[in-house]
Amino acid sequence: MVKLIGPKKIRTAVFISGTGSNLKNLIEFSLKKKTPIEVNLIVSNNVKAKGLRFAKLYKIKKKIYNYDKKQISEKKILKDLKLNNIKLICLAGFMKILSKDFIRKFKGKILNIHPSLLPKYKGLNTHNRAIQNKEKYSGCTVHLVNSKLDSGKIILQKKVKLSKKETPLSLQKKILKHEHILYPRAINKIFANL
Ligand code: GRF
């Protein structure tokens with residue numbers, strides 16, 4: 001794991017594809033006095049991602065890659081990560097699967113947040129599936145990214161109770177609130193020597 005020495009913050013890139021509520025939350029977290037990270041780069045595969053507006057709002061560099069050809073895009077991303085001296089990647093609603101090669105190059109330095117209690121409900125439509133299976137609980141997980149989808153080492157999880165009238169949308173909203181607490185806590189847990 002990366003160790004913090006002195007007041008230096010870990011240069012972080014956040015990868016998004018959509019709304020970016022977790023991105024906003026991580027930026028706010030990075031602006032706090034006691035925080036191990038600074039967000040220096042926002043990466044997106046989607047030029048229309050709503051979350052990209054936070055780049056302007058918080059004056060953070062953003063980069064968009066069209067992802068027509070994954071290999072070429074990833075090469076460009078890796079180049080930009082190096083140029084910006086990025087040491088940590090936080091995936092936050094990034095809808096592309098990173099290649100094994102890419103993950104190997106950033107081994108142990110990519111985090112993801114997933115809206116289920118992993119190993120349950122890997123992949124998409126987690127809330128739908130949890131409700132259909134009449135789960136009493138679902139939740140969210142922050143984990144390290146390895147080459148298998150949503151399967152890396154779990155850092156932290158939060159359990160959330162489903163109500164009787166739960167819909168995928170209500171559950172999504174409910175869990176998202178907990179995601180915003182969990183992601184910073186997981187980062188603090190990893191870089192605990194603050
Ligand atoms: C979150 O539910 C996250 O767990 C999942 O994608 C969603 C992204 O939401 N990976 P947002 O763009 O951060 O609002």
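A pocket here is an open set of points on a 1 Å grid over the protein atoms alone, with protein on both sides within 12 Å along at least five of seven lines; lining residues have an atom within 4 Å of a point. The model is predicted: local features need pLDDT of at least 70 and side-chain atom pairs pLDDT 80 or more, while totals for chains, interfaces and linings use all residues. Residues are numbered from 1 along each chain as its sequence is written, and side-chain values use heavy atoms, without hydrogens and water.

Next, colour the lining by element. Two or more lining residues come from each of α1, α4 (100-105), β5, α5 (126-132) and α6. Helices (H or I, at least four residues) and strands (E, at least two) are DSSP runs, numbered from the N terminus. α6 gives the most, with 4 residues. The volume of this pocket is about 1,000 Å³, taken as the space filled by probe spheres set on the points, which are joined across faces, edges and corners.

Colour by class instead, and the lining splits into 14 nonpolar, 19 polar and 5 charged residues. In this scheme Ala, Val, Leu, Ile, Met, Phe, Trp, Tyr, Cys and Pro are nonpolar, Asp, Glu, Lys and Arg are charged, and the others, Gly among them, are polar.

Now show the ligand, which sits in the largest pocket; that is, more than half of its atoms lie within 2 Å of the pocket's grid points. α1 (21-30), β5 (110-114) and α6 (168-190) are the elements that give two or more residues to the shell around the ligand. Select that shell: T19, G20, S21, N22, G93, I113, H114, P115, L176 and E179, each with a heavy atom within 4 Å of the ligand. By class, the shell has 3 nonpolar, 6 polar and 1 charged residues.

Zoom in on the polar contacts (pairs of N or O atoms within 3.5 Å). A polar backbone atom of G20 is 2.8 Å from a ligand oxygen atom. At S21, an N or O atom of the side chain is 2.6 Å from an oxygen atom of the ligand. For N22, the distance from a backbone N or O atom to a ligand oxygen atom is 2.9 Å. The protein covers 82% of the 370 Å² of accessible area that the ligand has on its own (Shrake-Rupley method, 1.4 Å probe).

Finish in the loop between β5 and α5, where P119 is found. The peptide bond from L118 to P119 is cis, with omega near 10 degrees. N125 lies in the loop between β5 and α5; although not a glycine, N125 has a positive phi of about 55 degrees.

Definitions and conventions
Polar contact = N/O pair within 3.5 Å; in protein donor to acceptor, adjacent residues only side chain to side chain. 1 Å grid on protein atoms, 1.4 Å probe; cavity = no way out; pocket = protein on both sides within 12 Å on 5 of 7 lines; lining within 4 Å.
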